[in-house]
Amino acid sequence: MKSPPISLAIHLSLALAASLVPLAVQSSPGAHGPNGEHLDQSSAPNAAGLARLPDGSVNVPKLAQRRMGLRTLIAPEGTAASTVQLPGRVIADPNASGQIQSSHGGRIEAGPKGLPVAGQMVRQGEVLAWVRHHADPFASAAQQSQRAELRAARELAEQRVRRLESLEGTVPRKEIEAARIEAQSLGERERAIGASLDAREPLRAPVSGVIARADVKLGQIVESREVLIEVVDPARMLIEATTPDAALGGRIAGATLAGVDGAKLKLIGAARALRDGVLPLTFRMEAPAGAVLAIGQPVLVYASMKTRLKGIVLPAEAIVRSPSNETVVWIKSGAERYVPQPVQAQPIDAHTVLVTRGLGADNRVVVKGASLVAQVR
């Protein structure tokens with residue numbers, strides 16, 4: 001039998017190799033590539049073109065950049081004041097607030113406009129409620145007995161005055177005047193005893209402002225020195241921050257309040273005695289119109305120091321966290337490529353940060369939409 005021609009053998013070999021190629025590229029189940037990917041699973045292409053590359057960078061097509069609203073900025077290097085974050089709370093200004101207490105115990109009665117409620121506007125000196133004093137039965141009986149004795153003595157004195165006045169001219173005038181004074185004195189003592197039996201104390205607003213707390217009800221029995229009502233002026237509030245650094249107060253140049261745009265704080269005093277292991281710092285606040293704060297509300301204070309640092313000022317939303325919880329910014333390295341860059345930053349206020357390490361003056365940083373880029377997987 002004759003062997004086939006050489007050209008025919010070559011064609012048969014190429015056909016056999018072509019039929020075996022799909023079998024060679026098909027991987028066995030469970031096979032992994034060099035980057036940990038599963039080779040036995042066909043990866044569907046991303047329709048939007050968004051993808052995180054093996055080196056950690058992210059590919060974002062132009063259309064996706066517009067949908068995500070990405071904005072970049074080449075921020076120049078400059079200087080900014082170093083800042084520290086201090087926990088604090090809102091307190092009332094002692095010169096624009098007050099407490100209403102009862103001097104003696106008694107029963108609560110409604111004022112001219114009824115009992116006050118929290119949030120009600122009041123004026124200084126306005127009567128908000130009454131406290132009718134009460135005495136024990138023995139003291140009350142003694143006062144009533146004394147009142148009856150004084151009434152009888154007054155009536156006798158008045159009769160004597162009328163009798164002496166009818167004998168005017170034969171009776172010395174000094175006896176008539178003495179009788180009149182005695183009758184008048186007995187009447188005043190009787191009225192004083194009667195007033196003590198039916199006495200009630202007015203609860204007046206110490207300042208003009210808003211009622212912050214009102215713990216009064218009709219018929220309520222209250223004790224002396226019990227705080228019943230608190231009034232504050234919402235336009236004059238203070239911020240009390242705390243710090244363990246005793247020398248921090250001398251280094252503060254200014255401060256702002258997180259969450260309240262336009263609020264400016266001025267340091268008016270730094271305590272010299274520890275309270276629960278920290279030192280209180282008191283700031284006077286100039287809040288913009290419409291700002292609403294409550295007494296005791298926790299706040300965050302950004303205190304600016306007198307020293308300045310070099311760095312790049314960026315919006316706070318440009319700083320994000322990497323999957324390893326590292327502080328990074330995203331740098332645009334190409335038309336559709338964004339690279340994460342670890343940085344060191346500290347806040348300047350509630351809206352801006354100062355990057356002190358990790359960035360150059362020629363880096364184009366994502367200042368809007370950085371959190372969306374970080375979510376691409």
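Colleague: N325 first: buried or exposed?
Modeller: N325 counts as exposed, at 54% relative accessibility. The cut-offs are under 20% relative accessible area for buried and over 50% for exposed, with partly exposed in between, using a 1.4 Å probe and protein chains only.

Colleague: Before I go on, what sort of model is this?
Modeller: It's a predicted model, where local features need pLDDT of at least 70 and side-chain atom pairs count only at pLDDT 80 or more, while totals for chains, interfaces and linings use all residues. Residues are numbered from 1 along each chain as its sequence is written, and side-chain values use heavy atoms, with hydrogens and water left out.

Colleague: OK, back to N325. Where is it?
Modeller: N325 is in the loop between strand 18 (320-321) and strand 19 (327-332).

Colleague: Let's do pockets. What's the volume of the largest pocket?
Modeller: About 230 Å³. A pocket, on a 1 Å grid over the protein atoms alone, is an open set of points with protein on both sides within 12 Å along at least five of seven lines; a cavity is a set where a 1.4 Å probe fits but cannot get out, and lining residues have an atom within 4 Å of a point. Points are joined across faces, edges and corners, and the volume is the space filled by probe spheres set on them.

Colleague: Which residues lie nearest the centre of the largest pocket?
Modeller: P234, M237, V292, L293 and A294, out of 14 lining residues. Strand 10 (residues 209-214) gives the most to that lining, with three residues.

Colleague: What's the lining of the largest pocket like by class?
Modeller: It has 14 nonpolar residues, no polar ones and no charged ones. For the classes, Ala, Val, Leu, Ile, Met, Phe, Trp, Tyr, Cys and Pro are nonpolar, Asp, Glu, Lys and Arg are charged, and the others, Gly among them, are polar.

Colleague: Which domains does that lining draw on?
Modeller: At least three residues come from each of domain 2 (85-92 + 234-306) and domain 3 (97-132 + 200-232). Those bounds come from an automatic or database domain assignment.

Colleague: And how many cavities of 30 Å³ or more?
Modeller: One. The largest cavity holds about 30 Å³ of space, and K113, G114, P116, Q120, E126, V127 and L128 line it. By class, that lining has three nonpolar, two polar and two charged residues.

Colleague: New topic: E190. Buried or exposed?
Modeller: E190 is buried, with a relative accessible area of 11%. It sits in helix 4 (residues 173-197).

Colleague: What does the E190 side chain make a polar contact with?
Modeller: The side chain of R151, at 3.4 Å. A polar contact is a pair of N or O atoms within 3.5 Å; within protein, one must be able to donate a hydrogen and the other to accept it, and residues adjacent in sequence count only if both atoms are side-chain atoms. Not counting residues up to four places away in sequence, E190 touches R147, L150, R151 and R154.

Colleague: How about S82, what does its side chain make a polar contact with?
Modeller: The T307 side chain, at 3.1 Å. S82 is in strand 4 (residues 77-92) and counts as buried at 10% relative accessibility. Leaving aside neighbours within four places, its contacts include A303, M305 and Q346.

Colleague: Last one: where is V260?
Modeller: In the loop between strand 14 (252-257) and strand 15 (264-270). V260 is buried, with a relative accessible area of 14%, and beyond its neighbours within four places it is in contact with P288, A291 and L293.

Methods
Helices (H or I, at least four residues) and strands (E, at least two) are DSSP runs, numbered from the N terminus. Contact means heavy atoms within 4.5 Å.
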